[in-house]
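User: I'd like to go through this structure term by term. For each label, please show me the value and the rule behind it.

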Amino acid sequence: MFCKEQVAQLRDVLPRIHAAGAELVIVGNGAPKQAGWFAEDCEIQTPVYTDPTLSVYEAFGTRKGVFTLLHPKTFLYRFRAMRGGYRQSSTKGSATQQGGVFIVLPDGSIPYRYRSRLSGDHPEPASVVEALERALAHPSTEPAAANRITPA
């Protein structure tokens, strides 16, 4: 439910992301065939990948644990999502693995990180696009090593 809500929010700003010369890439953690079903169900025309090993989540330092599902605030987030028309279907992949939104530039630098603290904790889509536009307008010349990813 929460991942579909977040993708729908980002889908709404996809034209701005593309206008900035960037691409939205979604990484889930279910089985590979489920990535296709997810893209179809969410009506999203952007790359959707899956990482059942959770190594991408680990590399980005995202949170995981039962507490991220059972925190009282998640019930407020659940109400918000249900009010928006999102319903929980069968969970694909790790239910306790939280995601986030990251802007990764071609040089491997990461000028924007949002790690979801709890299920349903999403950044405001407009703030993501604004961070993207700022990062592209003022690229760093030497990103700090801690603020980079390196290809495997």
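Analyst: Start with the salt bridge: a side-chain nitrogen of Lys or Arg within 4 Å of a carboxyl oxygen of Asp or Glu. This is a predicted model, in which local features need pLDDT of at least 70 and side-chain atom pairs need 80 or more, while totals for chains, interfaces and linings use all residues. Residues are numbered from 1 along each chain as its sequence is written, and side-chain values use heavy atoms, leaving out hydrogens and water.

User: What makes arginine 117 and aspartate 121 a salt bridge?

Analyst: Their side chains come to 3.5 Å, N to O. The limit is 4 Å, so the pair qualifies.

User: Buried, partly exposed or exposed: what are arginine 117 and aspartate 121?

Analyst: The cut-offs are relative accessible areas: buried is under 20%, exposed is over 50%, and partly exposed is in between (1.4 Å probe, protein chains only). Arginine 117 has 42%, so this residue is partly exposed. Aspartate 121 has 3%, so this one counts as buried.

User: How many salt bridges does the rule give?

Analyst: The count is two. Glutamate 133 and arginine 16 also form one, with their closest N and O atoms 3.2 Å apart. Glutamate 133 lies in helix H7 (residues 125-137) and arginine 16 in helix H2 (residues 14-19), so the pair ties together parts that are 117 residues apart in sequence. Glutamate 133 has a relative accessible area of 34%, which makes this residue partly exposed. Arginine 16 is partly exposed too, at 35%.

User: How do you know that the length of H7 agrees with its number of residues?

Analyst: The expected span is 1.5 Å times one less than the number of residues. For the 13 residues of H7 that gives 18 Å, and the end C-alpha atoms are 18 Å apart, so the two agree.

User: Which residues of H7 are buried?

Analyst: They are Pro125, Val128, Val129, Ala131, Leu132 and Ala135. Around the axis they cover an arc of only 160°, which puts them on the same side of H7. The arc is taken from the directions from the helix axis to the C-beta atoms. The face turned away carries the exposed residues Arg134 and Ala137. H1, H2, S3 and S4 are among the elements that cover the buried residues of H7.

User: Where do the buried residues of H6 fall when seen down its axis?

Analyst: Thr74, Tyr77 and Ala81 are the buried ones in H6. Seen down the axis they fall within an arc of 60°, so they line one face of the helix. An α-helix has 3.6 residues a turn, so residues three or four places apart point the same way. On the other side of H6, Pro72, Phe75, Leu76, Phe79 and Arg83 are exposed. The buried residues of H6 pack against helix H1 (2-12) and helix H5 (67-70).

User: What makes S3 and S4 a pair?

Analyst: Two strands pair if DSSP finds at least two bridges between them. Four bridges join strand S3 (residues 100-103) to S4, and the two run antiparallel.

User: Which residues form the covered face of S4, and which the uncovered one?

Analyst: In S4 (residues 112-115), Tyr112 and Tyr114 are on the covered face, Arg113 and Arg115 on the uncovered one. In a regular strand the side chains alternate between the two faces of the sheet.

User: Why is glutamine 97 called buried, and what does this residue touch?

Analyst: Glutamine 97 has 11% relative accessibility, so this residue counts as buried. Contact means heavy atoms within 4.5 Å. Glutamine 97 touches Asn29, Leu54, Tyr57, Thr62, Arg63 and Lys64, leaving aside residues up to four places away in sequence.

User: Buried or exposed: what is leucine 54?

Analyst: Leucine 54 is at 15% relative accessibility, so this residue counts as buried. Its phi is positive, about 70°, although leucine 54 is not a glycine.
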